[in-house]
Amino acid sequence: MTARRLDIANLTVRARGGARAPLVAGIDLSLSSGEVLALVGASGSGKSMTCAGALDVLPPGTWRETGTLLVDGEPCQPKTVRGRKVATILQAPRSAFNPVLTMRRHAEETLKALGFPKPRWDAIIASAMADAGLGEPDRILALHPFEMSGGMLQRMMIALALMSEAPFLFADEPTTDLDLIVQSEILDCLDRLRKERGLGILLVTHDMGVVARLADRVAVMEAGRIVETGGIDRMFHEPAHPVTRRLVDAHLSLYAPDVAP
Ligand SMILES: Nc1ncnc2c1ncn2[C@@H]1O[C@H](COP(=O)(O)OP(=O)(O)OP(=O)(O)O)[C@@H](O)[C@H]1O
Ligand SMILES: [Mg+2]
């Protein structure tokens with residue numbers, strides 16, 4: 001049966017050398033299928049480290065001191081969860097693709113790594129590309145990264161993530177490098193996937209407009225800790241923590257100056 005709940009429990013990440021405060025300290029987060037949980041906070045607050053630490057794909061020089069990943073309440077090794085239960089999409093899709101490989105090769109490498117039998121590949125690729133909003137799959141599969149726009153590449157990254165049939169998606173700033181129209185299309189695409197595939201999405205962003213558009217719940221980070229968690233309505237209308245208030249006020253002063261304090 002498809003997993004319905006993912007928990008990150010007591011995640012602490014440190015940088016090697018020195019007795020500095022942890023980069024991420026005692027994080028607890030839970031994500032259900034079909035929901036979008038936004039992880040927000042200022043630059044450097046630890047959002048990306050939380051995603052990387054949970055999946056144990058931390059950059060060199062950093063390490064996970066504590067932390068358990070639970071799928072439907074069962075503790076799991078991150079390597080058994082990565083790509084299979086949790087797919088990932090990142091900012092700057094261009095850097096995630098090998099410039100000399102076509103999209104077909106990227107798709108085939110992904111399916112091979114996931115161990116899907118070859119006779120199923122074409123059907124999985126076609127379905128994932130359709131769900132990611134990529135029409136004309138044969139034409140696109142023949143293209144190299146340099147022949148594609150940033151928006152197409154982000155859709156292809158979503159398609160590659162969907163090929164895993166993972167029930168959860170970590171999306172770290174998935175729209176930051178895209179123009180506003182493409183941003184909006186990618187957000188629509190994620191919203192549709194949450195509704196149609198029941199994907200549970202951990203959406204990392206510092207854009208409260210993206211949060212307002214897509215999230216059901218919000219977790220706010222500051223200096224490596226979660227300082228507030230709540231439903232989207234409460235977070236926008238009654239933010240309790242000063243960091244949340246600052247994020248909401250900044251958003252309102254940009255997009256709704258008449259109601260900003
Ligand atoms: N490779 C690294 N080694 C040591 N410290 C790092 C490394 N990468 C990031 N950090 C530190 O970890 C902390 C959290 O960084 P992280 O990248 O998670 O922030 P973020 O919230 O994702 O920020 P942004 O919104 O800019 O992406 C920061 O203090 C950062 O300087
Ligand atoms: Mg980041």
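An open sheet of 4 strands is found in this predicted model, with the order β2-β1-β4-β5 and antiparallel pairing. Strands (E, at least two residues) and helices (H or I, at least four) are DSSP runs, numbered from the N terminus, and two strands pair if DSSP finds at least two bridges between them. At the edges of the sheet are β2 (24-32) and β5 (74-76), each pairing on one side only. On average, neighbouring strands of this sheet are turned by 20 degrees against each other, direction ignored.

Strand β1 (residues 5-15) runs antiparallel to β2 and is joined to β2 by 6 bridges. Arg5 has Ser32 of β2 as its bridge partner.

Residues are numbered from 1 along each chain as its sequence is written, while chains are lettered from A and ligands numbered from 1 in the order in which they are written. Local features need pLDDT of at least 70, side-chain atom pairs count only at pLDDT 80 or more, and totals for chains, interfaces and linings use all residues; side-chain values use heavy atoms, with hydrogens and water left out.

Helix α1 (residues 47-55) lies across β1, β2 and β4 (62-71), and runs at about 105 degrees to β1. Axes are lines fitted to C-alpha atoms, for helices over the stretch in contact, and angles run from 0 to 180 degrees between N-to-C directions. Contact means heavy atoms within 4.5 Å.

| Helix pair | Axes come within | Crossing angle |
|---|---|---|
| α6 (residues 150-163) and α7 (residues 180-196) | 10 Å | roughly 15 degrees |
| α4 (residues 118-131) and α6 | 8 Å | roughly 130 degrees |

The axes of α6 and α7 cross at roughly 15 degrees, which makes α6 roughly parallel to α7. Angles under 35 degrees count as roughly parallel, over 145 as roughly antiparallel, 65 to 115 as roughly perpendicular and the rest as oblique. In this contact, α6 contributes Gly151, Gln154, Arg155, Ile158 and Leu162, and α7 contributes Val182, Glu185, Ile186, Cys189, Leu190 and Leu193. By class, these are 7 nonpolar, 2 polar and 2 charged residues. Ala, Val, Leu, Ile, Met, Phe, Trp, Tyr, Cys and Pro count as nonpolar, Asp, Glu, Lys and Arg as charged, and the others, Gly among them, as polar.

Helices α4 and α6 are therefore oblique to each other, given their angle. From α4, Ile124, Ile125, Ala128, Met129 and Asp131 meet Met156, Ala159, Leu162 and Met163 of α6. The contact of α4 with α6 has 8 nonpolar, no polar and 1 charged residues.
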